[in-house]
Amino acid sequence: MTDSTKTPPKSAASGMSRRSALKGIAAGAGVVAASGTLPGLLGHAQAQSAEPIRIGFQVHRTGIGAAYGRWYDRTTEAVVKRINEEGGINGRPIEIVAEDDGTDPKRGAEVVEKFANQHKCDLAFGTLFSHVVFGSAPRAGELKIPYFVVSEGHHVASGKLNRYTLQPGITDVKSQVQAMAPFIAENLGKKVTMIYPDFAFGHDHRDYFTSAFENQGGTILEKIAIPPTESSFTKYFPKIPRDTEVIYHVMVGPAVLTFVKELGEFFGPSKPEIFGFIDSLEAVDMASPGLEFLDGTYFWEGMPRYAQSDQTEFDKIYREAVGVDENGASVSDSKDVSTFAHMFGCWETLYIVKAGMEASGYKGPEDRQKLIEAVEAMSDMPHSIEHPQGAKKFNGKTHQTFGHQYISKVTDGKLALAHTTSIEDTLYADEVDYTKQAF
Amino acid sequence: MEFGPYLFFASLEGAITAAVLALTAVGLSIVFGIMRVVNVAHGEFYMLGAVIAWWITSMISAHPALGFVAALIIAPITVGLLAIVCDYLVLRRINYDPERTIVATIGLLYVLQQTTLMTFGPEPRPVEAPFNKRIALPWFEFKEGGFALTWPWGLSTTTYKLAVIAAAVFILLLLWLVMSRTRVGLIMRATQLDSEMAQAHGIPVNKVYALVFGLGAGLAALGAVLVVPIQQAHYLMGGDPLLLSFIVVIIGGLGSVAGTIVAAVLIGMSDGIISVFFTPTLAKIIATLLVAFVLVFRPQGLFGKPEL
Amino acid sequence: MSSALRNFILHILVLAVLVVLFFTVSEYHSGNLARIMVLAVYAMGYNLLFGYKGLLSLGHALFFASGMYGLGLAMEHLGTSAALAMLIGLVSAFVVSAVIGFLALRTSGVAFMIVTLMFAQAGYLTILLAGKYTRGDEGFGIPQADRAIAGIDLSQSDNRYFAALILFAVCFLFIGWLVQTRFGKTLVAIRENPERARMLGYDIQKHKLIAVIISGTLAGAAGAGYALLFGYAGATFATVQYSIYPLLWVLLGGAGTTIGPLIGTIFMTYLIDISSEYTSAYMLIAGLALILLTLFAPHGLAGVVRKKLLPWLP
């Protein structure tokens, strides 16, 4: 359901004009209707309690995930504000209870426990780093509390977690990596050297890309696994074979800038094609000194950081709500670059929670299983303000969503969108059917 | 890359690691050797050097070199002063008791780290080098007729990295001069040998300790300022240098600054060279076990005196 | 009454309090306590080596992880039952601590610190290297269905609490007994004056090695217990941080006391839990608390009690 009214004039500071509020509700209804669930419980005074819906927000405020945590915080704040201004969920406002998990799996499990037992939250959401998800999800399953992760890990879809854990708001690394293979093989080269961190996230890239790329007729010449916490990379670069046509890199962590700089210094003027993942440079300004070397290279983007010439209204409204400008940086500090490729996951997840609660007539924790079943029943989600990153196809059986992936080229210090994959490019066979598992 | 150039390349990279490590570790060695305490917050002083350097260079936007030189002077001094304050407030009161110092400095670590997170923020921030040009390095090959210079693909370094090595050598030489030729150095060494005796001779041991603590922290900060254009300033960057500094100091031998430097060179270089031969994680495991076994068979370190 | 009886009664009292707490506090706090009790076993193991023997190890996470992965890998890849896996976890920790003890005890003091640290780091990296089986830093969950001993589902919060309590009680009473035996007192003697102990004819190295093995096996019991009761094994538990935690807990609670580790673990856990509700800077508060404690209560909380009130506290 598309909406062709013009964006309302910019109202005062927190302004949500009635028009955009109505637009939001209409789009929301569209989502619910399109997902084929029970329609029209919006705004009806069921049990007209103003008792808030408490959502536990597990956020990385400290530890290695802190840079992401900050933007997850801001995005969540923005979407909750928006949903509450539109009338909340079933007439009830959302109350966010945030707890820092220190990007640590032990603390993550404790935090989930706190949400369920002490804060009496209806559900928990927000975790990004995979190892924290792995540490926390079992507890969520035991406590029978819905756990919506915004992680990008393949953990949910792999079947290793439980029926209470879902990832409907952000695509996973397997589908991302797989979708890159055709573009690279057709446009950049057929001989690839991969450089990745030597832990689960990097291994996922190594495994999924290798099989996808070989399917396209390419070969992986060399796989260089860098130990975690490494702070200097130059000594590994001589392992790159001379006949490499494309370097595929997905380094993450605080040392990433060093990695890029040193890669540039190593190659000097004669560099091969380079394809990276924007995970490396989330929250980092593309115009930072030392990154000039990246001009002409390509990046996977979860959501294009720089507003493109065909920017949709949804993108514009989303940026305004969260407080980022057209360069993906904070409107109050242009040096404060956002984690644009990931944070949309919080926005979309909470809208899905809203849709699920409205579809299931959620009244309280006794309806948690109905909520999960309602979400499992969702499938197609159109590009809308609830899904500003793009249309989605949610797989209720694997609890994982699939969406468009974006490839951008670094041009004059900015990222220009070069290719958008279809959703079909990103699909893979189901590895689990959570709906068959008991609650 | 062929073996010869690769080894040369790895050695060069190892030399840079060794240079910065030597500076940071010598700071710890002095504190350890003279005050006999373990400063777990040493890595945080290092981190603060980098953070302050970023702060100064982002304020002075005229030319990167200007900001950098200012940072080179201001950051270590600031960190050194901060360390002296910590010494006054905490260490002195617990009488430099080894166990209590460990706990206190762990607390200090958390305080410094968290404060930096709250003010500087969680993301890594780059600092521009005062100068940085890529230099392609030549390699010799035996061809018919004699030696020939070739320029292997990728064999290169940068002017700044070479400058870091030179700077570290210069600073360490300076330090050695101060320790061995000046009165201040004499006082420090006397305090290290026998603090009671030194006190009996009228040396204000507490003041010496404060100075030493400040000096150790300042050296770590200096190492960080030198390395920050190559890496970034990040609030968690103190962890690895702390670990490595400890290893270097113990392997070199407690109380021996020369031993620390030798150990820094060995460990820095081997870090680079071992990675030539093995996959990176395996190389790290081997390097780690090597350190353990050196100590198992020679607990006093390379230059230390055997304990009774 | 004899000191042995008095100590025994004291320990039983502590256990009784823990039982009562289950019935009186909210589910959230009993969940916390279950976790705390398992970690307190880790702290007690550490305390034996550090508090009683005086050896500061920075690599105990290796022993904790040996137990954790011993149990976890057995259940994940071999499909063993929980009870058998627990045994495997204990044996793994035993073997690892014996080997490490044998090698590391050639050093002492700061060299010992670094050697244990290095072995633990190598262990962590090996877990990552063997990622195909261990799933590296991500770790793996242990399915709820498998976590039952003799038909009792250990993932239920009441069963879990009592399982943790039993684990804690066994180790607590064991330590309480051990420190009063000749062996325990010899450890203290060696800590206070190794030369005199040697002159009196005690085999220092043998005592140290046994202390390391017991300490490591207790740590492994905690690791295996944690994996079994909380359903997760991951390389994070083998990092340096997790070697520093028991040191902190023991120092805060009172090194060289039997009840110190439990108190320290409770204190730190709740300090972080409560302060994290008010600020994300809770580590700052923890850091300040550490500094203050070391300035004004250096022997830890139980240590203060021992000094000022109850000098006979074991």
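Trainee: How much of chain A counts as buried?
Mentor: In this predicted model, 61% of the 439 residues of chain A count as buried.

Trainee: And how many helices and strands does chain A have?
Mentor: Chain A has 10 helices and 17 strands. Of the contacts in chain A between residues at least 6 apart in sequence, 70% join residues at least 24 apart.

Trainee: Into which domains is chain A divided?
Mentor: Domain 1 covers 18–171 + 309–403, and domain 2 covers 174–301. The C-alpha centres of these two domains of chain A lie 30 Å apart.

Trainee: Do β6 and β8 of chain A run parallel or antiparallel, and how many bridges join them?
Mentor: Strand β6 (residues 191–197) and strand β8 (residues 246–249) of chain A run parallel and are joined by 4 bridges. Within this pair, Thr193(A) stands opposite Ile247(A) in β8(A).

Trainee: What about β16 and β17 of chain A, parallel or antiparallel?
Mentor: Strand β16 (residues 406–411) and strand β17 (residues 414–420) of chain A run antiparallel, with 6 bridges between them. Val410(A) has Leu415(A) in β17(A) as its bridge partner.

Trainee: How many residues are between those two strands, β16(A) and β17(A)?
Mentor: There are 2 residues between β16(A) and β17(A), which form a hairpin. Asp412(A), in the turn, has a positive phi of about 50°.

Trainee: Back to β6 of chain A: is Met194(A) buried or exposed, and why?
Mentor: Met194(A) lies in strand β6 of chain A. Met194(A) counts as buried because it has 23 C-beta neighbours inside 10 Å, and the cut-off for a buried residue is 20 or more.

Trainee: Which residues is Met194(A) in contact with, leaving aside neighbours within four places in sequence?
Mentor: Those contacts are Arg206(A), Phe209(A), Ile220(A), Lys223(A), Ile224(A) and Tyr248(A). Gly218(A) is 24 residues from Met194(A) in sequence and 13 Å from it in space, C-alpha to C-alpha.

Trainee: Which strands form the open sheet of 3 strands in chain A?
Mentor: That sheet has the order β13-β14-β15 (chain A), with antiparallel pairing. β13 (380–381) and β15 (400–403) of chain A are at the edges with a single partner strand each, so one side of each is left without a neighbour in the sheet. β13(A) is joined to strand β14 (residues 392–395) of chain A by 2 bridges, and Asp380(A) stands opposite Lys393(A) in β14(A).

Trainee: Now the other chains: how many residues are in contact between chain B and chain C?
Mentor: 31 residues of chain B are in contact with 30 residues of chain C. On the chain B side, α4 (98–119), α9 (239–252) and α11 (280–297) of chain B give two or more residues. The largest share, 13 residues, comes from α4(B). The chain B side divides into 22 nonpolar, 6 polar and 3 charged residues.

Trainee: And how many residues do chain A and chain C give to their contact?
Mentor: Chain A gives 27 residues and chain C gives 25 residues. By class, the side of chain A that touches chain C has 8 nonpolar, 8 polar and 11 charged residues.

Conventions:
Residues numbered from 1 in each chain as written. Chains lettered and ligands numbered in written order. Predicted model: local features only at pLDDT ≥ 70, side-chain atom pairs only at ≥ 80, totals over all residues. Contact = placed C-beta atoms within 7 Å. Nonpolar A, V, L, I, M, F, W, Y, C, P; charged D, E, K, R; others polar. Buried ≥ 20, exposed ≤ 12 C-beta atoms within 10 Å, placed from the backbone. Pairing = 2+ DSSP bridges. Domains from an automatic or database assignment.
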